[in-house]
Amino acid sequence: LTTDQSSGQKYVVLKSAEGTTAEIFLHGAHVTSWKTVSGEEVLFVSKQAVYKPPKAIRGGIPVCFPQFGGFGPLSQHGFARNSEFAVTDSAADSVTLSLTPSKDQLQLFPHPFELKVKVDVGNDVLEQTLTATNTGSKAFELTAALHTYFSISSIDKARVDGLSGVDYLDSLQDKRRLTENGASVRFGGEVDRIYLATPSRLEVVDEGRGRAVVVEKQGFPDAVVWNPWVDKAAGMGDFGDDEYKEMVCLEPAVAGSGPVTLQPGATWTAKQTLSLRQL
Ligand code: BG6
């Protein structure tokens, strides 16, 4: 465990045999860095990110659990991203962090569970697995996301591929259901959409860097695409006014196609695998 000098928060550093690295904060089981063997950072983190509760870290990969967005009674994106996890297993290239809700959290969400977040690095690969077990005596419903912020060269050179023909709920139009007509999703303004039951393989293509990040997901039927653009960026205290040009969120999720019902003793598992493809 390493301690971040400015925030005092603890994080874990992983390194694969080939030299891929990742950093994971115990605050939120939050991946804040994933670097390729050649040392290139793939994830975006805001220069104004706050590494302490009550904020979730702005960037990297917030874990939205047991609720995505406003799909339930909790505050936006649930409380996991704002909770301290414990390390329950670790190796040079792998770590498992675990969370059980506190008494206060059980007041808001009266459903005991154990959430495990496993992060593995391989040869230019990052893999992240969520495993949630209902440790209580009643069934409960959950929604979730791996709210991944990708670093891009510039917003006009970035696109998301794999969503052509897919239906989505437009969060900017009261969750109106529309169909993606474009070959790619491009960004010329604010975008906040929940694509429903998408293909399992999607890509964030960066024409400026000549490469794509390949996102393969299992157990997450949906995928959220988000860029805050000018006005939302200006309204966020932990995000620079111009940083919307440097990031795109593509978030494997259980959202509009959810929720998942977890019976007592049952386990839900979902995962994303990120890798690179040169254009
Ligand atoms: C996205 C949502 O997943 O997260 C957006 O679709 C939201 O509506 C964004 O603005 C950021 O949320 P937060 O709570 O981290 O500011």
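Two strands count as paired if DSSP finds at least two bridges between them. In this predicted model, strand 14 and strand 17 (residues 191–195) meet that condition, with three bridges in the antiparallel sense.

Strand 14 (residues 167–170) and strand 15 (residues 176–179) run antiparallel and are joined by four bridges. These two strands make a hairpin in which five residues lie between them. Within that turn, aspartate 174 has a positive phi of about 55°.

An open sheet is built from nine strands in the order 6-7-8-9-23-19-18-13-16, with antiparallel pairing. Its edges are strand 6 (86–91) and strand 16 (184–186), each of which pairs on one side only. Direction ignored, neighbouring strands of the sheet are turned by 15° against each other on average. Strands of a sheet pair through backbone hydrogen bonds, either parallel or antiparallel.

Strand 13 (residues 158–161) and strand 18 (residues 201–206) run antiparallel, with four bridges joining them. Valine 160 has valine 204 of strand 18 as its bridge partner.

**The annotated site and the ligand**

In an unreviewed entry, UniProt assigns the feature "active site" to His147 and Glu251.

Histidine 147 sits in the loop between strand 11 (144–146) and strand 12 (149–151). Glutamate 251, by contrast, belongs to strand 21 (residues 247–254). Histidine 147 counts as buried because it has 24 C-beta neighbours inside 10 Å. Glutamate 251 is likewise classed as buried, because 27 C-beta neighbours lie inside 10 Å.

Beyond its neighbours within four places in sequence, histidine 147 is in contact with Ile61, Pro62, Cys64, Cys249 and Glu251. With residues up to four places away left out, glutamate 251 touches Ala145, Leu146, His147, Thr148, Ala223 and Val224.

Both annotated residues also belong to the set around the ligand, which consists of Gly69, Gln76, His77, His147, Ser171, Asp192, Val224, Trp226 and Glu251. By class, this shell has two nonpolar, five polar and two charged residues.

**Phenylalanine 239**

Phenylalanine 239 is located in the loop between helix 2 (229–235) and strand 21. It counts as buried because it has 20 C-beta neighbours inside 10 Å, and a residue needs 20 or more for that class. Not counting residues up to four places away in sequence, phenylalanine 239 touches Ser46, Gln48, Arg58 and Ala233.

**C-beta neighbour counts**

| Residue | C-beta neighbours inside 10 Å | Class |
|---|---|---|
| Histidine 147 | 24 neighbours | buried |
| Glutamate 251 | 27 neighbours | buried |
| Phenylalanine 239 | 20 neighbours | buried |

Conventions: Residues numbered from 1 in each chain as written. Predicted model: local features only at pLDDT ≥ 70, side-chain atom pairs only at ≥ 80, totals over all residues. UniProt positions renumbered as here; feature names shortened; annotations may be inferred. Buried ≥ 20, exposed ≤ 12 C-beta atoms within 10 Å, placed from the backbone. Contact = placed C-beta atoms within 7 Å. Near = placed C-beta within 6 Å. Nonpolar A, V, L, I, M, F, W, Y, C, P; charged D, E, K, R; others polar. Axes fitted to C-alpha atoms, helices over the stretch in contact; angles between N-to-C directions.
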